[in-house]
There are 2 protein chains.
Amino acid sequence: MSATARESRRRTAPTGNLLLDSLPRGEFARLAPHLKPSRTALLEELHCRSTSDPDVFFPVNSVSSLLVHGLDGSEVEVATVGNEGMVGLPVFIGSEAVVFEAITQVPGEGLRLPRKILTRELRRRSAFNDRLTEYAEAMLLSVGQACLCSRMHGKVERCARWLLSVADRAPGSEFPLTQKFLSWMIGVRRATVTEAARELQRRKLIDYRRGEVRVLDRKGLEAASCECYAHVRAEFDILRRRWTERPGSRIAPRT
Amino acid sequence: MSATARESRRRTAPTGNLLLDSLPRGEFARLAPHLKPSRTALLEELHCRSTSDPDVFFPVNSVSSLLVHGLDGSEVEVATVGNEGMVGLPVFIGSEAVVFEAITQVPGEGLRLPRKILTRELRRRSAFNDRLTEYAEAMLLSVGQACLCSRMHGKVERCARWLLSVADRAPGSEFPLTQKFLSWMIGVRRATVTEAARELQRRKLIDYRRGEVRVLDRKGLEAASCECYAHVRAEFDILRRRWTERPGSRIAPRT
DNA sequence: GCGGAAATGTACGACAGCGTACAATGTCGG
DNA sequence: CCGACATTGTACGCTGTCGTACATTTCCGC
């Protein structure tokens, strides 16, 4: 895409969130005044069921995890959200019931938008609707794959996959992470993560120390992970490409 | 809802599929000529990646399962679709990539709609969009819960849950099922299902013989299943209620 | 530097579910 | 009625992960 093409559709600087930046100029202009830059802290809960957060959140730098929790206290991560998406999608349905919980995995910047504004915008049935529909469907695939993965694949593969999908969304190749947190995300005990992490370190794919991980060998880590990673990644890449190449367009007709 | 209220919005008889029946009259009229009644056979694949099925499917009697499969051959069911929904939702995104596969679990009637027609309708940004958005989000929750469940819960609980969620959508309290099929769905070996099934039978919650199950004690089965069942069920009940009580309305404003 | 807290490493028995194999039973076509 | 086949029951040893407990290391505030 040429610089002039970009200029023709947006006067303001890109926010850094792909979903927002893909909106046509007029639509973005309606939202812009209500977008509040905000920084999320590590482990900050963005949509806790008890607090009834009034905002949705568009990550720029930060990375969040979406969790499902059972009444028995068990929890698992079902998806990761970075600057390609929005935190708050699963609560659109407007139900009072328990929904996904979002927690900040990598602290950083993002944009808050009051849910009311979002709802108002969606009633106009604008391109935003289409974007979110596309995004929701990619999330559906992503969560589905998470389901397969957590059921069928071993601890090492799953750790590798998790590390990659966060590394994709985090600024550098290093990010904060404790084994306890990772064990929480993938639904195993902490000692199991230690075993997997040691294995990955032994193979010189990652390095870590007290709350920090660094990806040493990306290719190697991909090889160590299950195919779930590549599959989901490919799906989001399609979205990213579509959103940057054909900004503001409606849902693409299918064959 | 009174009979007159229903009459005012639809002249034609209800199809039996809640999603379709919730559409405003005009919208439904546009679709009606293209809806082709069709019967699905046991284990018939509705959206196989290789066949590129040109239709979406609205179950009336029948029940389908959505599967995710890995490249390694592993598969798990991530959701069930009955007359509250549509088979074909997850492929909206228009990607070329591998998507969920749908397979008929309980044979029966339904309505086929050419995907082209659906796409055309969606470009009008009608109430159908909102319905499918709501449905997609309920599915998201449903798949997320499936993820938690298959990771954290035992074979007996998961079998009970699966039986209930199919029984909810199947006409009677009896439906066709082999242990092999169930083992495939929940991602365990067949012998594991035998153990779980025996256990449920021992507790007099179900009865079965050669490819047929019957739910004997619904309440008991709910108690034997994990809370995942009730949670997902509640979510879909919200949709069912909304769709029958406020037909044709747009997305409800939230708070 | 020191003390405490958090993070990580490790060990050990327990157990759920796996892979496999084979027997027993029911069903259906010829 | 018989043979073939699908379905279900059961057994065996095995492996991965669990639950728990405790030791060790690293970091941070004082």
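In the views below, Ala, Val, Leu, Ile, Met, Phe, Trp, Tyr, Cys and Pro count as nonpolar, Asp, Glu, Lys and Arg as charged, and the others, Gly among them, as polar. The model is predicted: local features need pLDDT of at least 70 and side-chain atom pairs count only at pLDDT 80 or more, while totals for chains, interfaces and linings use all residues. Residues are numbered from 1 along each chain as its sequence is written, and chains are lettered from A and ligands numbered from 1 in the order in which they are written.

**View 1. The surface near DNA strand D.** By class, this surface has five nonpolar, six polar and eight charged residues. A residue is near a molecule or strand if its C-beta atom, placed from the backbone, lies within 6 Å of it. DNA strand D is surrounded by 19 residues, of which the closest are A:V188, A:T192, B:T178, B:Q179 and B:A191. Two or more residues each are given by helix 8 (190-202) of chain A and by helix 7 (179-186) and helix 8 (190-202) of chain B. The largest share, five residues, comes from helix 8 of chain B. Helices (H or I, at least four residues) and strands (E, at least two) are DSSP runs, numbered from the N terminus.

**View 2. The surface near DNA strand C.** Around DNA strand C there are 19 residues, and A:T178, A:Q179, A:A191, B:V188 and B:T192 come nearest. The elements giving two or more residues are helix 7 (179-186) and helix 8 of chain A, together with helix 8 of chain B. Helix 8 of chain A gives the most, with five residues. The residues of this surface comprise five nonpolar, six polar and eight charged.

**View 3. Helix 7 against helix 8 in chain A.** The two helices pack at an angle of about 105 degrees, with their axes 8 Å apart. That makes helix 7 of chain A roughly perpendicular to helix 8 of chain A. Axes are lines fitted to C-alpha atoms, for helices over the stretch in contact, and angles run from 0 to 180 degrees between N-to-C directions. Angles under 35 degrees count as roughly parallel, over 145 as roughly antiparallel, 65 to 115 as roughly perpendicular and the rest as oblique. On the side of helix 7, A:Q179, A:K180, A:L182 and A:S183 meet A:R190, A:T192, A:V193, A:T194 and A:A197 of helix 8. By class, the residues of this contact are three nonpolar, four polar and two charged. Two residues are in contact if their C-beta atoms, placed from the backbone, lie within 7 Å.

**View 4. Helix 5 against helix 10 in chain A.** Helix 5 (residues 127-152) and helix 10 (residues 228-245) of chain A pack at an angle of about 180 degrees, with their axes 10 Å apart. The two helices are therefore roughly antiparallel to each other. Helix 5 contributes A:E134, A:Y135, A:A138, A:L141, A:S142, A:Q145, A:L148 and A:C149 to the contact, and helix 10 contributes A:C228, A:H231, A:V232, A:E235, A:F236 and A:L239. Nine nonpolar, three polar and two charged residues make up the contact of helix 5 with helix 10.

**View 5. Residue A:L164 and its contacts.** A:L164 lies in helix 6 (residues 155-167) of chain A. This residue counts as buried because it has 20 C-beta neighbours inside 10 Å. A residue is buried if 20 or more other C-beta atoms lie within 10 Å of its own, exposed if 12 or fewer, and partly exposed in between, with C-beta atoms placed from the backbone. Leaving aside residues up to four places away in sequence, A:L164 touches A:L221, A:E222, A:S225 and A:Y229. A:L164 and A:R218 are 54 residues apart in sequence, and their C-alpha atoms are 7.8 Å apart in space.

**View 6. Strand 2 of chain A.** Strand 2 (residues 55-59) is mostly covered, with five of its five residues buried. A:D55, A:F57 and A:P59 are buried on one side, and A:V56 and A:F58 on the other. Strand 2 pairs with strand 6 (residues 108-114) of chain A in the antiparallel sense over five bridges; two strands pair if DSSP finds at least two bridges between them. Within this pairing, A:V56 stands opposite A:L113 of strand 6.

**View 7. Two loop residues with positive phi.** A:R210 is not a glycine, yet its phi is positive, about 30 degrees. A:R210 sits in the loop between strand 8 (206-209) and strand 9 (212-215) of chain A, and counts as exposed because it has 7 C-beta neighbours inside 10 Å. B:K204, also a residue other than glycine, has a positive phi near 60 degrees. B:K204 belongs to the loop between helix 8 and strand 8 (206-209) of chain B; with 10 C-beta neighbours inside 10 Å, B:K204 counts as exposed.
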